[in-house]
Amino acid sequence: MTSERNDTIAAVATGTGGAVALIRISGERAVPIGDVLFRNIQGKPLSTQKGYTIHYGTIRDGETVIDEVLVSLFRAPHSYTGEDMIEISCHASDYILRRVMELAIRHGARTARPGEFTLRAFLAGKMDLSQAEAVADVIASDNRAAHDLAFRQMRGGYSDEFGQLREKLVHLVSLLELELDFGEEDVEFADREQLLEILTAVERKITRLISSFALGNSVKNGIPVAIAGAPNVGKSTLLNALLKEDRALVSDIAGTTRDVIEETLNIDGLPFRFIDTAGIRETDDPLESMGIERTYDRIGKAAVVLLVADARDDAEEISALYAGIPLRAEQRLIIVLNKCDRLDAQELASKQATLRERISVPVEWLSAKFETHLDGLLRSLRESVRTDDLDNAGATVVFNARHHEALLHASESLARARQGIEEGLPGDLLSQDIREVLHHLGTITGEITTNDILGSIFSRFCVGK
């Protein structure tokens, strides 16, 4: 995205609805435009006032009063954009907002593009690129965990981590390139053993950041939970019970779920994305077979699998069904014994004990139909996701796909540098690999940028931010 830096921009910064709205104006003409539009109740022009002050008065078109407003005044460089800036708090009438914007544009502003205020903040050095991206993620966050991650990144903790990594690598490059000035004397300023230790430490940190993406991405987009099992065991009823609404079709006829249904539920601040799947069984029905294929596909992509069984089924049948579910090492599985209302307490306790001896995963029992004993399942779901890094305010968790890709490239370059040290390559070749690591890390925080990257990032923002 390109930005005409000398333009003064204006936009409505608040969404529709509500009683009060905010209009932002930023740039060289922001205060002069304010003086034309705004009449202070005390008769003092904004141009004579200090920054970080709020003024009460009216917005006027000539002598016609449009609205009574509050105007917040910010002076460069102490504003969000780093420029002179005013924010007009007015009534949230579409007519008023339209008239104020028309007046601002008539007197020298133009309508801001999506994300242009934050782009100007980035270009002015008020924040780095990762912080700027976090602004959009804070706005879009719809659960506590996603908000905490985005807010932590916006406040700069994320940038500090990458700054420390870059500082170590820049030091290494400077020592290696110093050797080039003394090439004929065969001098080594960078001890190769020490160099290897530092690279290993950096690689360890980058590997941890890459690994954190699985959690961060799940928190941002919802932790995928596949509800699987044989037909007619109550998978759709369980989904409806968890959501407290009739979201999935429920029938006594086996095989009625043929497509995937997804819904999200917030559990203790974490978003869980439940996926109701077709029942697993042998069938000649081509449509049902397609649904079962999708079931296995969703099981493979899920972080947690809820294997639902009829509490009346034989323990050996349930164990065999469990053994037939393909799981990756990092996936979690919970067995759910549904329709427990059909068994007496002694039968149920005996079956649970038998299964716990045979199966090393949590076994929960409930009645989806009567919505009883759901608390145990919700607790097991919450415990199935390790969130140590979320609870640790100092930990960095990667949740941005662009950052994850850059870290993967940085890791590849690091591996080449380590291999080069082990093979005794000269300093200029080692320096090149380390500079590639610096390049990839720099694309995260914005030391390395292109117009294409900026355009892609800031186009996702809302107008006015």
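1. Seven of the eight residues of helix α3 (residues 116–123) are buried, so the helix is mostly covered; buried here means under 20% relative accessible area with a 1.4 Å probe, protein chains only, and helices are DSSP runs of H or I of at least four residues, strands being E runs of at least two, numbered from the N terminus. The buried set comprises Glu116, Phe117, Thr118, Leu119, Arg120, Ala121 and Phe122, and after α3 comes glycine 125, with a positive phi near 80°.

2. The model is predicted, with local features needing pLDDT of at least 70 and side-chain atom pairs counted only at pLDDT 80 or more, while totals for chains, interfaces and linings use all residues. Residues are numbered from 1 along each chain as its sequence is written, and side-chain values use heavy atoms, leaving out hydrogens and water.

3. Setting aside neighbours within four places in sequence, leucine 377 is in contact (heavy atoms within 4.5 Å) with Leu238, Leu242, Leu306, Ile334, Val336, Glu364 and Leu366.

Terms used. Buried means under 20% relative accessible area, exposed over 50%, partly exposed in between (1.4 Å probe, protein chains only).
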